[in-house]
There are 6 protein chains.
Amino acid sequence: MKRLLLTGAAGGLGRAMRPRLAGMAEILRVSDISDLGAVADHEEEMQCDLGDRAAVDRLVDGCDGIIHLGGISVEDKFSKILNANILGLHNLYEAARANGMPRILFASSNHTIGFYRQDEYLDHTMPQRPDGLYGVSKCFGEALARMYFEKFGQETALVRIGSCMERPTNHRMLSTWMSYDDFLSMIECIFRVPRLGCPVIWGCSDNDSRWWSNEHVSYLGWRPKDNAERFRKDIDAAVAKPAPDHATAVYQGGPFVLDPIFSEE
Amino acid sequence: MKRLLLTGAAGGLGRAMRPRLAGMAEILRVSDISDLGAVADHEEEMQCDLGDRAAVDRLVDGCDGIIHLGGISVEDKFSKILNANILGLHNLYEAARANGMPRILFASSNHTIGFYRQDEYLDHTMPQRPDGLYGVSKCFGEALARMYFEKFGQETALVRIGSCMERPTNHRMLSTWMSYDDFLSMIECIFRVPRLGCPVIWGCSDNDSRWWSNEHVSYLGWRPKDNAERFRKDIDAAVAKPAPDHATAVYQGGPFVLDPIFSEE
Amino acid sequence: MKRLLLTGAAGGLGRAMRPRLAGMAEILRVSDISDLGAVADHEEEMQCDLGDRAAVDRLVDGCDGIIHLGGISVEDKFSKILNANILGLHNLYEAARANGMPRILFASSNHTIGFYRQDEYLDHTMPQRPDGLYGVSKCFGEALARMYFEKFGQETALVRIGSCMERPTNHRMLSTWMSYDDFLSMIECIFRVPRLGCPVIWGCSDNDSRWWSNEHVSYLGWRPKDNAERFRKDIDAAVAKPAPDHATAVYQGGPFVLDPIFSEE
Amino acid sequence: MKRLLLTGAAGGLGRAMRPRLAGMAEILRVSDISDLGAVADHEEEMQCDLGDRAAVDRLVDGCDGIIHLGGISVEDKFSKILNANILGLHNLYEAARANGMPRILFASSNHTIGFYRQDEYLDHTMPQRPDGLYGVSKCFGEALARMYFEKFGQETALVRIGSCMERPTNHRMLSTWMSYDDFLSMIECIFRVPRLGCPVIWGCSDNDSRWWSNEHVSYLGWRPKDNAERFRKDIDAAVAKPAPDHATAVYQGGPFVLDPIFSEE
Amino acid sequence: MKRLLLTGAAGGLGRAMRPRLAGMAEILRVSDISDLGAVADHEEEMQCDLGDRAAVDRLVDGCDGIIHLGGISVEDKFSKILNANILGLHNLYEAARANGMPRILFASSNHTIGFYRQDEYLDHTMPQRPDGLYGVSKCFGEALARMYFEKFGQETALVRIGSCMERPTNHRMLSTWMSYDDFLSMIECIFRVPRLGCPVIWGCSDNDSRWWSNEHVSYLGWRPKDNAERFRKDIDAAVAKPAPDHATAVYQGGPFVLDPIFSEE
Amino acid sequence: MKRLLLTGAAGGLGRAMRPRLAGMAEILRVSDISDLGAVADHEEEMQCDLGDRAAVDRLVDGCDGIIHLGGISVEDKFSKILNANILGLHNLYEAARANGMPRILFASSNHTIGFYRQDEYLDHTMPQRPDGLYGVSKCFGEALARMYFEKFGQETALVRIGSCMERPTNHRMLSTWMSYDDFLSMIECIFRVPRLGCPVIWGCSDNDSRWWSNEHVSYLGWRPKDNAERFRKDIDAAVAKPAPDHATAVYQGGPFVLDPIFSEE
């Protein structure tokens with residue numbers, strides 16, 4: 001690729017992936033609403049509010065690939081989610097449509113299905129069961145991307161990210177963890193395959209305790225190599241095991257299912 | 001019921017159902033953003049912009065049932081859809097949560113699945129394939145309703161309405177038509193059943209050419225009695241049969257799949 | 001048939017079906033542990049404790065068909081269920097095996113699946129979820145019958161009876177009711193079909209509010225003609241509608257899910 | 001339609017349908033390898049060996065619809081099946097491709113799935129289990145038609161005919177019978193629907209004892225009206241019920257499963 | 001755990017696992033109807049007839065985990081199976097309910113599904129097909145455990161053990177073998193997971209020739225490490241390969257399908 | 001085995017496998033319509049036109065296993081496909097039936113399902129979608145083999161070969177490649193298992209980018225060891241990546257879907 005756009009580059013996951021993406025394109029355009037810090041030689045930066053249509057148009061202009069990590073990534077007031085994840089996503093897809101429809105990786109979330117129990121094994125066809133307004137906004141995003149695919153041919157990978165972090169830090173993440181390396185190899189597969197389509201991809205490593213089946217996207221050639229299991233002892237030592245009836249142990253979305261609807265005030 | 005709220009009461013479907021709902025509650029509270037016309041003795045009217053949180057709170061206050069036909073019901077600018085169908089729906093569910101969680105019938109749409117072909121037979125578990133921004137907003141609505149059900153116990157019937165009209169007026173509607181009588185009996189079932197849950201219900205009559213299976217909601221006891229087939233001859237006489245490759249003949253969403261994204265200007 | 005055995009002939013369902021079975025065989029052998037009352041010309045009676053192996057052997061001897069309604073049919077002490085429904089059923093199948101393997105209709109029960117919710121639509125392949133010791137004993141019976149079929153060719157209809165009564169008498173029975181006429185026509189189909197196998201058959205009429213699919217046994221040619229719906233108004237008038245969170249409204253097994261384990265004392 | 005081709009017009013089913021098809025097109029072109037008898041005003045006849053490529057080209061020329069009942073319709077020597085059902089079918093599809101791809105109704109057969117048991121309920125996706133060389137040739141035909149659909153857009157209805165006769169004449173036909181009226185209404189649906197595709201359609205009436213589900217083709221609007229059940233008493237009186245272990249009672253293909261491979265001599 | 005109960009500790013599998021379980025709890029309470037041999041420092045023994053309700057109550061008292069290998073584990077007289085596997089299991093669950101509902105591992109068996117063929121690949125939802133009275137008693141056990149889970153929240157792992165032995169000793173065991181190490185790691189997973197539920201778990205190693213899918217319980221984090229394949233050559237050398245039509249080669253239950261019903265005398 | 005027949009031994013795949021099969025039987029009978037080259041000590045050769053019934057009878061006589069790679073293996077004139085793949089296959093099965101029904105490995109093809117897209121993950125039950133006359137002839141072969149299995153007990157492995165070559169040579173083969181070693185170990189499994197049945201087996205290695213699931217035949221104990229992924233860099237260097245809309249990137253059958261129907265002249 002010539003120019004790859006990374007949104008949400010100042011967020012937790014964005015900061016981790018940014019250096020790892022160096023080799024994926026000649027130029028990595030990094031963007032966020034927050035400060036983006038120092039910019040490397042192969043990078044260009046564009047600060048951007050996703051709710052600003054014109055700004056998003058400029059952001060996408062000239063890119064031949066988009067990794068969209070931007071937006072709100074936890075439960076929050078609906079007004080904020082509405083701006084960044086709903087209006088912002090529409091802006092992004094309109095901008096992509098006006099700019100040659102570069103392939104998009106959309107950071108969806110396990111919170112689209114957070115109300116499934118942890119003893120249920122999911123495939124990509126099962127109906128969504130979001131666990132909060134954040135999860136609902138990601139359901140919106142999946143629907144929007146799907147529509148742009150069917151109507152215009154815009155390709156998107158709908159990556160339902162579990163817990164993409166340096167390492168798992170609690171018992172639930174023994175199931176949901178995705179290593180940075182595995183995410184990187186997934187990104188490579190997504191932008192490498194001749195025809196992507198608009199698949200749901202579960203974003204977790206090859207964890208012994210996984211809940212999700214990625215068989216349907218084996219055509220991508222992605223084989224995660226990491227396994228959260230090797231951190232179990234550390235987690236057992238550091239974190240209290242959740243009570244069996246606590247949401248953290250019952251639901252795939254974990255504590256998100258307990259979040260209230262945030263007040264606007 | 002003591003007080004049943006009907007939103008979208010000035011719209012096409014709202015006007016048709018409004019008199020039919022007379023017997024369902026002591027008071028029928030009718031609402032719309034448009035003028036509601038004359039008000040019957042058993043009715044009370046409240047004009048309301050769904051995007052106005054406080055107004056929606058007042059609208060829902062005191063109701064023990066809601067038939068939500070309000071909002072944008074065709075493809076339109078995203079800003080309008082965003083206000084009425086997304087922000088407005090969140091307002092409605094927050095208002096319901098604050099007012100005893102009256103049971104809700106949410107008018108979803110076949111346009112949540114409009115990109116399925118007409119030779120595909122659908123059940124309620126199949127992934128959404130919306131055919132435009134309107135359809136995407138209904139996907140959002142289904143996700144939101146589902147989340148309020150799982151998180152708070154708010155019950156909703158997600159009625160994917162086909163074509164609810166006096167009579168079918170083109171060939172596609174031989175499959176999608178739902179008579180007013182059948183819709184009315186569905187409404188009675190929805191508010192009658194002791195425990196509703198949050199089911200998807202396909203909104204069409206017992207048409208010979210139907211595309212959708214409602215077996216999974218037979219617990220509601222709804223048996224549509226009408227059949228669009230009796231109008232076939234009239235339609236053959238009045239309307240040209242669509243060409244086999246035209247979207248109207250290929251896709252369940254019919255001409256909606258051809259709609260462009262509406263410009264904001 | 002020459003001689004048809006009806007067990008449980010003094011029970012509620014037995015008393016109802018006994019006269020209706022008059023035409024199905026030359027001789028109707030009626031049996032129960034309780035008094036069987038007056039015996040008609042075409043009948044012969046044999047009082048029998050199902051737990052008594054030798055008595056059951058005599059009971060089955062000479063029969064070319066068995067309608068097994070006998071045993072405990074509600075929640076009870078395990079010792080009683082063990083004797084009648086477990087030991088007794090083994091006795092019955094051993095007796096059948098020794099006597100030419102007459103076709104058996106085994107009265108199983110909806111209580112084998114009583115913990116499914118009322119908004120779930122079931123087919124015959126779904127795992128059992130019994131709602132008490134009685135339901136567990138019927139699961140045992142289904143397993144035993146299946147084994148005798150696979151190992152020896154003994155055919156059995158596993159009829160999961162809903163509520164077979166004169167008429168439905170509460171709201172749950174609007175879903176579970178099976179009329180005597182429909183049960184009779186089912187019995188005729190079961191003993192008429194050249195090859196029965198060992199199918200699960202859901203025992204309910206063509207109720208609008210049904211929960212169960214009998215498509216898989218359409219080869220039997222059974223089409224129930226009755227519909228509990230015509231009793232809805234009477235029930236609404238006579239019985240309070242259950243609260244939405246009460247087991248009667250939530251679970252297919254209804255109040256059985258609330259039964260305790262009965263003490264032996 | 002202007003000109004509808006009926007092949008196999010001198011066969012049993014062809015003779016029955018020929019007069020019923022009078023209204024379906026201006027000209028009914030009737031064809032067979034055998035003598036076609038008197039020709040009506042609205043008919044034209046063309047005798048034809050399906051194995052003769054040039055003759056088949058002439059046969060199809062000018063037709064805008066084809067009902068292909070021609071070929072061998074029972075178990076026979078492979079050389080005969082090869083000529084009529086395999087080489088002949090390829091000839092037919094090549095002729096159709098060269099002549100504007102008129103819509104085709106292909107008379108496939110229940111003998112493509114004859115080795116399923118009678119207590120199995122089938123849908124259209126289940127793998128084929130042919131019961132003889134005739135059935136295998138129909139599997140070939142379904143595969144060929146499917147390929148012409150995917151590669152060239154040639155539409156075909158793959159009608160797996162059960163027993164299309166005046167009336168059912170044995171117990172198996174209580175399940176497989178299709179009345180002439182129901183076949184006619186199916187034909188009307190097939191040539192009426194704007195977009196047909198290449199569906200499998202089970203060819204039987206609305207028999208109480210049916211084995212096959214046509215839900216997936218409800219988009220055609222076909223609702224069979226007849227029911228073999230009304231002939232049960234006559235059949236019971238006229239025909240011995242098959243023994244439970246006889247192929248006629250065990251397999252959907254009935255006695256065909258017993259047919260040997262016919263010797264060429 | 002403080003005290004873990006192992007029933008059937010004097011049986012073949014019990015003797016093998018007993019020393020391996022040393023580290024799983026402070027005290028291992030070992031029990032059997034037979035002599036238990038020498039008792040280690042971390043062990044306590046209690047001889048017990050499972051059919052004796054009071055004895056079973058004492059057995060379970062004070063335990064916070066149960067591995068229930070006890071009872072009859074091969075085909076036998078029904079009276080013996082009834083006492084140990086049916087009455088005994090009810091005793092065990094009543095005792096557990098009265099003693100804080102410790103988590104239970106129930107040794108179910110592949111003989112609950114023994115009549116599936118070896119070329120069928122099974123998942124946990126497929127209907128039971130027991131191959132004898134022993135298998136039927138295990139079906140009873142699974143149903144009983146399920147009911148106690150739904151009614152009272154009692155958690156059980158329903159482990160359908162294949163062949164848990166030192167090594168596989170015939171060709172069928174190349175599919176069914178579970179190594180002691182793999183069983184041990186499964187046990188650890190079962191007692192480790194915060195919320196177990198009541199899942200069916202197939203008890204076999206990661207054998208090349210496996211018949212069963214454990215995907216649905218990947219949430220347990222169990223990954224068997226052994227593979228019977230490494231014993232193939234030894235088995236080929238030591239044991240005659242079964243004839244293709246012999247039950248040992250045809251059915252998953254192997255020779256059990258040939259067992260007669262044992263006479264009581 | 002005493003004598004194993006290899007047909008198509010002079011073809012590309014035949015030449016590769018011929019030396020590798022040396023150890024599988026005392027005598028390897030190699031056959032082709034073309035010249036077979038030098039014959040090794042453990043081999044015997046028989047030149048044969050598969051369309052010649054008597055010759056095929058002689059070919060099969062005395063063999064206790066058949067690896068049938070013979071026939072046309074690419075798109076061709078129908079007359080040639082008809083002779084070798086249809087008439088020839090019938091000859092082979094009749095010869096097998098007359099000669100003790102030796103187990104057969106039938107080289108079917110991914111071109112039986114070539115019109116599935118590359119982003120679809122297939123299992124063995126999905127309906128065929130052949131991509132040309134060659135693929136249709138393989139559908140015929142699968143149907144014929146299935147019928148001989150059900151009717152006579154003739155066992156066949158229906159191996160849908162992807163791309164069995166020294167190494168993958170284009171991007172599509174990263175999904176479809178099967179190494180010679182993996183094919184050899186599959187052959188060993190097929191002739192080793194006591195009871196084979198008539199399964200579909202997908203013929204590809206353990207490629208990261210695989211499209212097909214072989215879970216259902218894990219009873220064979222086949223675990224492919226190779227992975228086309230290790231050739232990706234070489235392929236990237238040597239071959240242009242296909243355009244996303246080109247058939248090579250869209251369809252599983254790759255360029256075959258573009259093949260015309262070959263003219264007979």
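Q: Hi! Before we look at anything, what does "buried" mean here?
A: Hi! A residue is buried when its relative accessible area is under 20%. Keep in mind that this is a predicted model.

Q: Okay, so is C:Y134 buried or exposed, and why?
A: C:Y134 has 6% relative accessibility, so it counts as buried.

Q: And what about C:F256, buried or exposed?
A: C:F256 is buried too, with a relative accessible area of 17%.

Q: Where in chain B do B:Y93 and B:Y148 sit?
A: B:Y93 belongs to helix α3 (residues 78-98) and B:Y148 to helix α4 (residues 133-152), both in chain B. The two are 55 residues apart, so this pair links distant parts of the chain. Both B:Y93 and B:Y148 are buried.

Q: Back to C:Y134 and C:F256: why is their pair called tilted?
A: Their planes meet at 50°, so the pair is tilted, and the ring centres are 6.2 Å apart. C:Y134 is in helix α4 (residues 133-152) of chain C, while C:F256 is in the segment after α8 (247-250) of chain C, so the pair ties together parts 122 residues apart in sequence.

Q: Which residues form a cluster with A:Y93?
A: Ring pairs link A:Y93 with A:Y148 and A:F152.

Q: New topic: which ring does D:R160 lie over?
A: D:R160 lies over the face of D:W202, 5.1 Å from the ring centre. In chain F, the charged end of F:R129 sits over the ring of F:Y116, at 4.6 Å from its centre.

Q: Now sheets! What is the strand order in chain B?
A: Chain B has an open sheet of seven strands in the order β3-β2-β1-β4-β5-β6-β9, with parallel pairing. Its edge strands are β3 (43-47) and β9 (200-203), and each pairs on one side only. On average, neighbouring strands are turned by 20° against each other, direction ignored.

Q: How many bridges join β1 and β2 of chain B?
A: Four bridges, in the parallel sense, between β1 (residues 3-7) and β2 (residues 27-32). Across that pairing, B:L5 stands opposite B:R29 in β2(B).

Q: Which strands of chain B does α4(B) touch?
A: α4(B) packs on the sheet and touches β5 (103-109), β6 (156-161) and β9, with its direction at about 155° to that of β5(B).

Key: Residues numbered from 1 in each chain as written. Chains lettered and ligands numbered in written order. Predicted model: local features only at pLDDT ≥ 70, side-chain atom pairs only at ≥ 80, totals over all residues. Heavy atoms only, no water. Buried < 20%, exposed > 50% of the residue type's maximum accessible area, 1.4 Å probe, protein only. Phe/Tyr/Trp six-rings, centres within 6.5 Å; stacked < 30°, edge-to-face > 60°. Lys NZ or Arg CZ within 6 Å of the ring centre and 35° of its normal. Pairing = 2+ DSSP bridges. Axes fitted to C-alpha atoms, helices over the stretch in contact; angles between N-to-C directions. Contact = heavy atoms within 4.5 Å.
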